[in-house]
Amino acid sequence: MTAPGDELPAYEVEPVSAEKMKTMSALMRDANSIHFDPAAVRALGLGDRVVNQGPLNQAYIVSMLARWAGGAARVRALRLRFLGNVFAGDGLVAGGTVTAVRQDGAGRVADCDVWLRVSGGDPVLSGTATVLIGE
């Protein structure tokens, strides 16, 4: 049974691909060149690797929660704060901790602290989620 203090199963993300970032920029109609042009990243003093899109980083946390809870539709609320950038070649880990379990109008829910961090590094996203649990 899910209880406060339980760790959510970690969701590991393969190193993000600069080529996929370029494709996602086109699909999302995101013209910000930091997602596909290393010169634009250098001009901002951020190094030589392009920057992953924020919505993709958020999606890694949603994927982690969905795998744990049994589907993305079970994620009832998500509040995230951006703390840093994800660059091409970074591997990532999403995880979290259950902070409370309670009953609401939809059923039994877990409130969680969630995060996304660069593998072996600092968090780049942190926040909270409320997830419908099936117990």
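Which side chains meet R49 or D90 in a salt bridge? In this predicted model, the side chains of R49 and D90 meet each other, at 3.0 Å from N to O; a salt bridge here is a side-chain nitrogen of Lys or Arg within 4 Å of a carboxyl oxygen of Asp or Glu. R49 lies in the loop between α2 (38–43) and α3, and D90 in the loop between β2 and β3, so the pair ties together parts that are 41 residues apart in sequence. R49 is partly exposed at 39% relative accessibility, whereas D90 is buried at 10% (buried is under 20% relative accessible area, exposed over 50%, partly exposed in between, with a 1.4 Å probe and protein chains only).

Because the model is predicted, local features need pLDDT of at least 70 and side-chain atom pairs count only at pLDDT 80 or more, while totals for chains, interfaces and linings use all residues. Residues are numbered from 1 along each chain as its sequence is written, and side-chain values use heavy atoms, with hydrogens and water left out.

Turning to the sheet, 5 strands form an open arrangement in the order β1-β3-β4-β5-β2, with antiparallel pairing. Strands (E, at least two residues) and helices (H or I, at least four) are DSSP runs numbered from the N terminus, and two strands pair if DSSP finds at least two bridges between them. The edges are taken by β1 (7–13) and β2 (75–82), each with a single partner strand, so one side of each is left without a neighbour in the sheet. On average, neighbouring strands are turned by 20° against each other, direction ignored; axes are lines fitted to C-alpha atoms, for helices over the stretch in contact, and angles run from 0 to 180 degrees between N-to-C directions.

Within the sheet, β3 and β4 pair over 12 bridges in the antiparallel sense, and T97 stands opposite D113 in β4. A hairpin with 2 residues joins these two strands. The pairing of β4 with β5 is antiparallel too, over 9 bridges, and the hairpin between them has 4 residues, with G120 taking a positive phi near 75°. On β5, G127 is the bridge partner of V114 and also stands opposite L80. The link between β2 and β5 (residues 123–132) is made by 7 antiparallel bridges. Of the 12 residues of β4, 10 are buried, so this strand is largely enclosed by the rest of the structure.

Helix α3 (residues 54–69) lies across β1, β2, β3 (92–104), β4 (107–118) and β5, and runs at about 135° to β1. The largest nonpolar core has 32 residues, and those with the most contacts inside it are Y60, I61, M64, L65, L92, V114 and L116; such a core is a set of buried Ala, Val, Leu, Ile, Met, Phe, Trp, Tyr and Cys residues joined through side-chain atoms within 4.5 Å. Two or more residues come from each of β1, α3, β3, β4 and β5, with α3 giving the most, 6 residues. Leaving aside neighbours within four places in sequence, L116 is in contact (heavy atoms within 4.5 Å) with residues including N57, Y60, I61 and L92.

The whole structure holds 3 salt bridges. Besides the opening pair, R102 and D111 meet at 2.7 Å, N to O, with R102 partly exposed at 34% and D111 buried at 16%. D48 and R42 meet at 3.4 Å, N to O; D48 is exposed at 53% and R42 partly exposed at 46%.
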